[in-house]
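Biologist: I would like to go through this model label by label. Please give the value and the cut-off behind each term.

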Amino acid sequence: MPGPSDARITAGLAEIPAQVDVLVVGLGVTGAGVALDAAARGLSVLAVDAHDVAFGTSRWSSKLVHGGLRYLASGQVGIAYESAVERGILLRRTAPHLVRPMPMLVPLTGNVSTPQALLTATGIQAGDLLRMAARTSAHVLPRPRRIPAQHALRWVPALRRTGLRGALLYWDGQLEDDARLVTCLARTAVAHGAVVRTRARVTEATGTGATLRDELTGSTAQVTARAVINATGVWAGQLATDIRLRPSQGTHLVLRGETLPGLGAAFTVPVPGSASRFIFALPQSDGTILVGITDEAVGGEVPDVPEPADAEIDFLLSVVSASLEHPLHRGDVAGAFAGLRPLLDAEGSTADLSRKHAVVTSANGVVTVVGGKLTTYRRMAQDAVDATGIAGRPSPTADLPLLGAAPAGELARIDAPARLVRRFGTEAPFVLATARAVSGRPDEELLSPGPRGVTLAELIFGVSHEGAVSADDLLDRRTRLGLIPADRADALALANQALELAGS
Ligand SMILES: Cc1cc2nc3c(=O)[nH]c(=O)nc-3n(C[C@H](O)[C@H](O)[C@H](O)COP(=O)(O)OP(=O)(O)OC[C@H]3O[C@@H](n4cnc5c(N)ncnc54)[C@H](O)[C@@H]3O)c2cc1C
């Protein structure tokens, strides 16, 4: 397992290499994964983002590492199998510190007919066959089973009791935080030799290089490369004009834990009138609950930060309330966020291509990798680097632990605050030691829990090692306090203190 690493992400273009093997554009989960894949194969890499790590879609996901149940439902067995394999790799080898097994319940309420329940149970059993095919043991992801109503109420006490016939219980993967996975990937790429820069926008690209603009100073630079990989998600068409995307918006609500007290498992509620759509309620390790998601086609210019529509919020509240003893109201919504799925618009086809990823080499030589999902980022990265034709050796990333990775037993023995271990794995003591060295402040101050448990120590490390240069970086991406505006406001002073102490 990797030890602590002094690997640092930094901002701007100062001292970037003028020539590299691979220039990676975009530091979402895909671009960060590509940077790691290429660097781990011994290629020289510069990877940049116009804004920040995890600025785009990657921070707006449901934070699930899923085995592809919904792809099975639509007969896409290949994609489902790929998801199940990647889920196993993340859970067991590459990121067991950031991805954990999560129980998921399908409550059999009055809204779920017996044929619907049978169909869902069959799908869940097929998902379990995929788990076995992907060689993920039942010790890691227990086998699904049907449980009686009393057991279901123990997992989800807020369920409506009338008509509850029991529940289907299965297990899937959940991320500690999607943006944290991206940051960890990017630092792991640095540890393997990549140069990773935020606030560095590519304004023009070809297959042999690009023009970059430093978004802090306005200065520009030229970089030549043997391959340029465009991993800019919903913005991919701006650099490769022959790529057309048809984004679709997905919105989540953020609830405080006390809104659904005692929630010990995720649960799903069928969308009325649809055989294949469900709304999830997902408890998070910081005590919040995400409720999502919608799926709305959107047109026009791609915004930097998409906004949830009022109608989406009402829709989510009404669907989830149908399964609850006490319906939810607008006042229960502590926050809401939206993300855009980078769906590829295949000529003449409306097929759901997006959920498969695509690697496309444009006429100008730029290699674009787009679509897919967070769960399959590693495979997407491998395919993109293979497509450049310059990698002399096969991808080693299926067996390459990310910084901080260790089995659960080892993580449990680490002598550091639980929150830091949850978010940094074996690097937790190094995060604290760095914060002490950088700030000279006592542990009581560095570890005093702020809103939702955030600590000054991790904010300082965000500045010293993770490239944060603003309170937004710290509150919206290195931590996720920004998902609840009131918590964001409460933590602003702490974020500014971290920036000052770490000298940014
Ligand atoms: C609502 C929702 C829920 C989802 N839930 C899940 C889930 O639970 N599990 C799962 O596996 N998948 C999920 N997905 C899918 C997954 O989130 C996406 O497929 C994935 O995050 C896309 O990552 P990306 O790196 O390709 O794009 P992005 O994360 O959007 O990254 C692109 C980056 O490129 C940068 N960029 C753009 N233009 C330039 C430029 N010119 N120069 C430099 N940088 C640039 C942007 O700033 C951005 O950071 C979900 C998607 C949505 C929308």
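Modeller: Start with Ile243, which has a relative accessible area of 6% and is buried. Keep in mind that the model is predicted.

Biologist: How many aromatic pairs does a search of the whole structure find?

Modeller: Four.

Biologist: Why is the pair of Trp155 and Trp171 called edge-to-face?

Modeller: Two values decide it. The ring centres are 6.3 Å apart, and a pair needs centres within 6.5 Å. The planes of Trp155 and Trp171 stand at 85°, and over 60 degrees counts as edge-to-face. So the pair is edge-to-face.

Biologist: Which parts does that pair tie together?

Modeller: Trp155 lies in helix H5 (residues 149–155) and Trp171 in strand E7 (residues 167–175). The pair therefore ties together parts that are 16 residues apart in sequence.

Biologist: Why is Trp155 called partly exposed?

Modeller: Its relative accessible area is 26%. Buried needs under 20% and exposed needs over 50%. The value for Trp155 falls in between, so the label is partly exposed.

Biologist: How do you know that Phe424 and Phe461 form an edge-to-face pair?

Modeller: Centre to centre, Phe424 and Phe461 are 5.7 Å apart, with 85° between the planes. The centres are within 6.5 Å and the planes are over 60 degrees apart, so both conditions hold.

Biologist: Where do Phe424 and Phe461 lie?

Modeller: Phe424 is in helix H11 (residues 418–424) and Phe461 in helix H14 (residues 456–464). They are 37 residues apart, and the pair links distant parts of the chain.

Biologist: Are Phe424 and Phe461 buried or exposed?

Modeller: Phe424 has a relative accessible area of 4% and is buried. Phe461 is at 0%, so it counts as buried too. The cut-off is under 20%. Phe424, Phe430 and Phe461 also form one aromatic cluster. Phe461 and Ile289 are 172 residues apart along the chain, with 26 Å between their C-alpha atoms.

Biologist: What makes you say that Arg59 lies over the face of Phe55?

Modeller: Arg59 is 4.9 Å from the ring centre of Phe55. The distance limit is within 6 Å, and CZ of Arg must also be within 35 degrees of the ring normal.

Biologist: Turn to the ligand. How many residues surround it, and which are the closest?

Modeller: The shell has 35 residues, and the closest are Thr30, Asp49, Ser58, Leu64 and Thr375. By class, 13 are nonpolar, 17 polar and five charged.

Biologist: How much of the ligand does the protein bury?

Modeller: The protein buries 96% of the 1000 Å² that the ligand exposes when taken alone. Helix H1 (29–40), strand E9 (200–206), strand E12 (248–256) and strand E17 (333–341) each give two or more residues to the shell.

Biologist: What stands out in the backbone at Ala54 and Arg452?

Modeller: Positive phi at residues that are not glycine: about 55° for Ala54 and about 50° for Arg452. Ala54 is in the loop between strand E3 (45–48) and strand E4 (64–65). Arg452 is in the loop between helix H13 (443–447) and H14.

Biologist: Why does Arg452 count as buried?

Modeller: Its relative accessibility is 17%, which is under 20%, so Arg452 counts as buried. Ala54, at 1%, is buried as well.

Biologist: Which peptide bond is cis?

Modeller: The bond joining Gly292 and Ile293, where omega is about 0°. Ile293 is in the loop between strand E15 (288–292) and strand E16 (296–297).

Methods:
Residues are numbered from 1 along each chain as its sequence is written. This is a predicted model: local features need pLDDT of at least 70, side-chain atom pairs count only at pLDDT 80 or more; totals for chains, interfaces and linings use all residues. Side-chain values use heavy atoms; hydrogens and water are left out. Rings of Phe, Tyr and Trp (its six-membered ring) pair if their centres lie within 6.5 Å; planes under 30 degrees apart count as stacked, over 60 as edge-to-face and the rest as tilted. Helices (H or I, at least four residues) and strands (E, at least two) are DSSP runs, numbered from the N terminus. Buried means under 20% relative accessible area, exposed over 50%, partly exposed in between (1.4 Å probe, protein chains only). A residue is near a molecule or strand if one of its heavy atoms lies within 4 Å of it. Accessible areas come from the Shrake-Rupley method with a 1.4 Å probe; for residues, only the protein chains shown count as cover. Ala, Val, Leu, Ile, Met, Phe, Trp, Tyr, Cys and Pro count as nonpolar, Asp, Glu, Lys and Arg as charged, and the others, Gly among them, as polar.
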